Amino acid sequence: MSMNSPTVHLGDNVVAQVLDGQMVLLDTSGGHYFELNASGTVMLEQLLAGASHAEVAAAVERKFLVTSERVKADLEALLLTLREAGLIKG
């Protein structure tokens with residue numbers, strides 16, 4: 001995974017809301033919703049704000065006291081899952 005990243009945007013039919021520290025994404029075209037845990041929420045919020053993958057990884061490492069290898073793997077998995085579900089672009 002490259003630590004330089006394109007800008008990430010929500011999909012055209014996706015609405016996001018943070019509730020109690022966890023982000024809920026609603027695909028309005030299909031009526032499906034997805035819930036992110038606390039670290040996934042931080043990752044996606046930062047990406048949507050324009051942070052690079054390296055900046056996101058550093059923020060998650062600090063906040064959750066996890067290794068950079070773990071954060072990089074989790075970030076890659078999150079992006080793959082959200083792209084495959086059509087929830088994000090970029």
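In this predicted model, the buried residues of helix 1 are Gly-40, Thr-41, Val-42, Met-43, Leu-44 and Leu-47. Helix 1 itself spans residues 38-48. Several elements take part in covering these buried positions, including strand 2 (14-19), strand 3 (22-27), helix 2 (53-64), helix 3 and strand 5 (88-89).

Of these neighbours, helix 3 can be followed in detail. Helix 3 covers residues 68-84, and its axis lies 11 Å from that of helix 1, at an angle of about 70°. Angles of 65 to 115 degrees count as roughly perpendicular, and the two helices are therefore roughly perpendicular to each other. On the helix 1 side the contact is made by Gly-40, Met-43, Leu-44 and Leu-47; on the helix 3 side it is made by Val-71, Asp-74, Leu-75, Leu-78, Leu-79 and Leu-82.

After helix 1 the chain reaches Gly-50, which has a positive phi near 100°.

One of the paired positions is Val-24, whose bridge partner in strand 4 is Glu-35. Four residues lie between the strands of this hairpin, and Gly-31 adopts a positive phi near 75° there.

Methods: Residues are numbered from 1 along each chain as its sequence is written. This is a predicted model: local features need pLDDT of at least 70, side-chain atom pairs count only at pLDDT 80 or more; totals for chains, interfaces and linings use all residues. Side-chain values use heavy atoms; hydrogens and water are left out. Axes are lines fitted to C-alpha atoms, for helices over the stretch in contact, and angles run from 0 to 180 degrees between N-to-C directions. Angles under 35 degrees count as roughly parallel, over 145 as roughly antiparallel, 65 to 115 as roughly perpendicular and the rest as oblique. Contact means heavy atoms within 4.5 Å. Buried means under 20% relative accessible area, exposed over 50%, partly exposed in between (1.4 Å probe, protein chains only). Two strands pair if DSSP finds at least two bridges between them.
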